[in-house]
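Please look over the sequence and the structure shown below before reading the report that follows.

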Amino acid sequence: MPARTADKDNSTQDLAGQQLWYQDMQKLSNDELMRMYNMVKDGRYEFAKNAWYIPMGTADQRCPIMVAKGYRSPDTLAKMAEFQDTARALEGEYRNFIDAWDFGYITTRDIEQAILKILEERNIEITERQ
């Protein structure tokens, strides 16, 4: 995957046409996209990097896909095993997104813009509360 340039003026449409991570995001349902979008817009949650199988830290930090899918950080060993099994099952389907996120090729701003673009393509409008 080619490294992103520091130039953030690239349009999301151009980015979307070239990036495999964007294609992975298109697989998410509208509800999943909105769950991820709300976490980004809220600004109080920080997605973890390199936390695909094991959520990071004492605070709830999961990768964006696990957040989108609605999986919470496990609090027991049994739930941790289930979380890891789920992660393994989803890993192949979302590999491009996971790699782009973990290696820093995309930012939360890129994710936010991609979500807006995908929802726009699906004719869904997001209205912000003030």
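What pLDDT does the protein chain average? The average is 80, and 75% of the residues score at least 70, where pLDDT is the predictor's confidence in each residue, from 0 to 100.

## Basis and confidence of the model

This is a predicted model, in which local features need pLDDT of at least 70 and side-chain atom pairs count only at pLDDT 80 or more, while totals for chains, interfaces and linings use all residues. Residues are numbered from 1 along each chain as its sequence is written, and side-chain values use heavy atoms, with hydrogens and water left out.

Among the elements of the protein chain, helix α2 has the highest mean pLDDT, 95, whereas helix α1 (residues 12-18) has the lowest, 52. Over residues 1-10 the pLDDT stays under 50, and the model has 12 contacts beyond four places in sequence for this stretch, a contact being heavy atoms within 4.5 Å.

## Overall architecture

The secondary structure comes to seven helices and zero strands, with helices (H or I, at least four residues) and strands (E, at least two) taken as DSSP runs numbered from the N terminus. Of the 130 residues of the protein chain, 38% count as buried; buried means under 20% relative accessible area, exposed over 50%, and partly exposed in between (1.4 Å probe, protein chains only).

Among the contacts in the protein chain with a separation of 6 or more, 64% are accounted for by residues 24 or more positions apart. The accessible surface comes to about 7,900 Å², of which 46% belongs to carbon and sulfur atoms; these areas come from the Shrake-Rupley method with a 1.4 Å probe, and for residues only the protein chains shown count as cover.

## The nonpolar core

The largest nonpolar core has 29 residues, and those with the most contacts inside it are W21, M25, M36, F97, I111 and I115. Such a core is a set of buried Ala, Val, Leu, Ile, Met, Phe, Trp, Tyr and Cys residues joined through side-chain atoms within 4.5 Å. The elements giving two or more residues to this core are α2, α3, α4, α5, α6 and α7, and the largest share, five residues, comes from α7.

I115 touches M25, L33, M36 and Y37, not counting residues up to four places away in sequence.

## Helices α6 and α7

In helix α6 (residues 95-102), the residues F97, I98, A100, W101 and D102 are buried, and what covers them includes α2 (20-25), α4 (64-68), α5 (77-91) and α7 (108-121). Just after α6, G104 takes a positive phi of about 80°. In the loop between α6 and α7 lies Y105, which is partly exposed at 23% relative accessibility; Y105 and W21 are 84 residues apart in sequence but 9.7 Å apart in space, C-alpha to C-alpha.

Helix α7 has 14 residues and reaches 20 Å from its first C-alpha to its last, close to the 20 Å expected at 1.5 Å a residue, the expected span being 1.5 Å times one less than the number of residues. Its buried residues are D110, I111, E112, A114, I115, K117, I118 and L119. N123, which follows α7, has a positive phi near 60°.

E32 is found in helix α3 (residues 30-42) and is buried, with a relative accessible area of 14%. A polar atom of the E32 side chain lies 2.8 Å from the backbone nitrogen of S29, and a polar contact of 3.1 Å joins the side chains of E32 and K69. Here a polar contact is a pair of N or O atoms within 3.5 Å; within protein, one must be able to donate a hydrogen and the other to accept it, and residues adjacent in sequence count only if both atoms are side-chain atoms.
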